Amino acid sequence: MSESFLRMPVKASEALKGEIANENGLNMVLDGLYNRLHSDEAAEIHVYQDYILVGVRQKGHGDVFMHKFTNYGFSPNRRDNKSETLAFSIRTIDNGSLPQYCYEAINGNVDALRLTTKHLIRAYEAKVRRMTEKGKDAKLIEEYVMKVEAAKRRLTLPLEDFLTLSEPIIIEIPRNPETFYDEDEVVVSGHDGIDPTDEA
């Protein structure tokens, strides 16, 4: 069964020419991409406010993007951004494996996007605790502590700044989720036991 994971790293740049895809076209692209994955690859969708990138990430390597669709995105201020269709299309290949608010964030819901950020904070904090317990290098631990603090600062920003600094929302759908991620990666999934509504 396919399963998706959420990452929210620093915004990246790209140079693909923009395309437009209707719902059927988007579904065909995502289905075809996932069906062609090798065992060490994941379908990857970067969701920005004004467009999405669709491509593949190989385990331990960077992204290779094939499509940039400019009629999709997560901005709540665009009435034409078909984000609801995007969230539905992702569900068709990941079996709805993310927490519901992750799909709502993709669909442009700002409160849900704040929850995904809180979830990421809790995931990073859990990572820091595990690394500390294992006696990992202090510099490496500090890197994750800084990521926690940066995500917490994003939550205090005005809406426009928060949206800009929260993009892209990165959805990954690995062919083999059990082996795709190593212990140094922090991702959000539907079964990690972290509730972003809990008080820290």
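Ile52 lies in strand E3, which covers residues 52–58. In this predicted model, Ile52 has a relative accessible area of 0%, so the residue is buried. Lys68 is 16 residues away from Ile52 along the chain, yet the C-alpha atoms of Ile52 and Lys68 are 5.6 Å apart.

The aromatic side chains come next. A pair of aromatic rings is described by the distance of the centres and the angle of the planes. The model holds two aromatic pairs. One of them joins Tyr48 and Tyr51, with 4.6 Å from centre to centre and 25 degrees between the planes, and this pair is stacked. Both Tyr48 and Tyr51 are buried.

The rings of Tyr124 and Tyr144 also pair: their centres are 5.9 Å apart and their planes stand at 50 degrees, so this pair counts as tilted. Tyr124 and Tyr144 are each buried.

Helix H5, which runs over residues 138–155, also contains Glu142. Whereas Tyr144 is buried, Glu142 is partly exposed, with a relative accessible area of 41%. Membership of a surface patch requires over 30% relative accessible area and no salt bridge. Glu142 is part of a negative surface patch, together with Asp137, Glu143 and Glu149.

How values were computed: Residues are numbered from 1 along each chain as its sequence is written. This is a predicted model: local features need pLDDT of at least 70, side-chain atom pairs count only at pLDDT 80 or more; totals for chains, interfaces and linings use all residues. Side-chain values use heavy atoms; hydrogens and water are left out. Patches are made of residues with over 30% relative accessible area and no salt bridge: like charges are joined within 9 Å, nonpolar side chains (Val, Leu, Ile, Met, Phe, Trp, Tyr) within 5 Å. Accessible areas come from the Shrake-Rupley method with a 1.4 Å probe; for residues, only the protein chains shown count as cover. A salt bridge is a side-chain nitrogen of Lys or Arg within 4 Å of a carboxyl oxygen of Asp or Glu. Lys and Arg count as positive and Asp and Glu as negative; His and the chain ends are not counted. The place of a charge is taken as NZ of Lys, CZ of Arg, CG of Asp or CD of Glu. Helices (H or I, at least four residues) and strands (E, at least two) are DSSP runs, numbered from the N terminus. Buried means under 20% relative accessible area, exposed over 50%, partly exposed in between (1.4 Å probe, protein chains only). Rings of Phe, Tyr and Trp (its six-membered ring) pair if their centres lie within 6.5 Å; planes under 30 degrees apart count as stacked, over 60 as edge-to-face and the rest as tilted.
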